[in-house]
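Student: I would like a close look at a single part of this model, the surroundings of the ligand. Please describe them in one connected account.

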Amino acid sequence: MATKNIRAEPRQQSMINCNSYVVKNVSYADNCRLITLAVPYYDKIYAGQFVHLKVDVSVDPILRRPFSIYDVRYNSDALTNIDLGFTIVGRGTDILSKKTPLDKVGFLGPLGNRFTINKTADVAVFVAGGIGITPFYFLTKQYKEAKTQTKLALLFGARNKEELYYLEEFEGLGINIEVSTDDGSFGKKGFVTLLLEDYLRKNKKKNIQIYSCGPTPMMRHVAEIAKKEDVPCELSLEKLMGCALGACGACVTKVVGNNGDFRYSRICIEGPVYNVNVLTSDF
Ligand SMILES: Cc1cc2nc3c(=O)[nH]c(=O)nc-3n(C[C@H](O)[C@H](O)[C@H](O)COP(=O)(O)OP(=O)(O)OC[C@H]3O[C@@H](n4cnc5c(N)ncnc54)[C@H](O)[C@@H]3O)c2cc1C
Ligand code: FES
């Protein structure tokens, strides 16, 4: 049954805008890293939220870059450590990849809403594509903290074996993992949506909750499958961002409006997590 509550959890918390300090910056693949920032933020942070980084203290590059939160560790007598996983795709991420311990990075966050923990689900299925894996480490931890009976499964797809980022970290979480690669270099050959269709076919009697993050074409297909099978599903969207504060309108996506019409939603404040039922098919 699709959930009646069509919105993901709304935001109701503070954010900070300050310098953070790099604790470590570890390589996971040629173009992929996990950076840990120390920040003076002590409130609860939720899986699905993101941060907006000024990757260098100099004026240039002037625009911040958004990143999902991979993990958070609170310390009773020190700054909170926030992990961010990223691939190097352009100037901003290249600068970030070269940061070393004690370098400063401008930090704005935590931002956005969050994934909903579905306590009535038999299985929470995370469908991730490439670097879209990042929010699911933290979501796995938050499901475990919530002490639900819900089993967790990760369906992880990438173009090739090298782009199955952080897979070894997820293997350490003790959840059920299925993998696909487009070129067949690891796991099942084909798109991750094949794994999802297969999973739903084999688990028809179970009450399933889907969460997905990855390339937009992949998430559109996940949304189609979830709607067709009437399975509740939340997607974490990515759009280019400017302010991340709701002011510039750079980050909009289409959502269902009144009378079957559509309206534009700013994903930095209403998202990035959306229930599929509020999104139009061309989100
Ligand atoms: C809410 C949110 C969460 C994100 N989480 C992560 C994450 O956890 N890990 C990660 O690696 N990336 C994440 N991204 C994407 C990340 O913000 C971009 O890869 C980054 O800003 C690129 O900066 P750049 O200067 O290196 O590249 P640029 O030189 O700005 O761009 C290089 C290429 O990346 C594309 N790009 C730039 N910004 C975005 C964007 N916001 N979304 C998608 N593609 C973009 C450009 O179109 C271009 O093709 C997230 C984006 C959003 C909106
Ligand atoms: S990034 Fe400016 S409104 Fe969302």
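**The surroundings of ligand 1**

Tutor: A nitrogen atom of ligand 1 lies 3.3 Å from an N or O atom in the side chain of Glu-238, a polar contact being a pair of N or O atoms within 3.5 Å. Taken alone, ligand 1 exposes 840 Å², of which the protein buries 74%; accessible areas come from the Shrake-Rupley method with a 1.4 Å probe. This is a predicted model, in which local features need pLDDT of at least 70 and side-chain atom pairs count only at pLDDT 80 or more, while totals for chains, interfaces and linings use all residues. Residues are numbered from 1 along each chain as its sequence is written, ligands are numbered from 1 and chains lettered from A in the order in which they are written, and side-chain values use heavy atoms, with hydrogens and water left out.

Two further contacts involve oxygen atoms: one oxygen of ligand 1 is 2.7 Å from an N or O atom in the side chain of Arg-65, and an oxygen of ligand 1 is 3.0 Å from a polar backbone atom of Thr-87.

In total, 19 residues surround ligand 1, and the closest are Arg-65, Pro-66, Gly-85, Gly-92 and Thr-93; a residue is near a molecule if one of its heavy atoms lies within 4 Å of it. By type, this shell divides into eight nonpolar, seven polar and four charged residues, with Gly counted as polar and Asp, Glu, Lys and Arg as charged. The largest share of the shell, four residues, comes from β4, where strands are DSSP runs (E) of at least two residues, numbered from the N terminus.

Key
A polar contact is a pair of N or O atoms within 3.5 Å; within protein, one must be able to donate a hydrogen and the other to accept it, and residues adjacent in sequence count only if both atoms are side-chain atoms.
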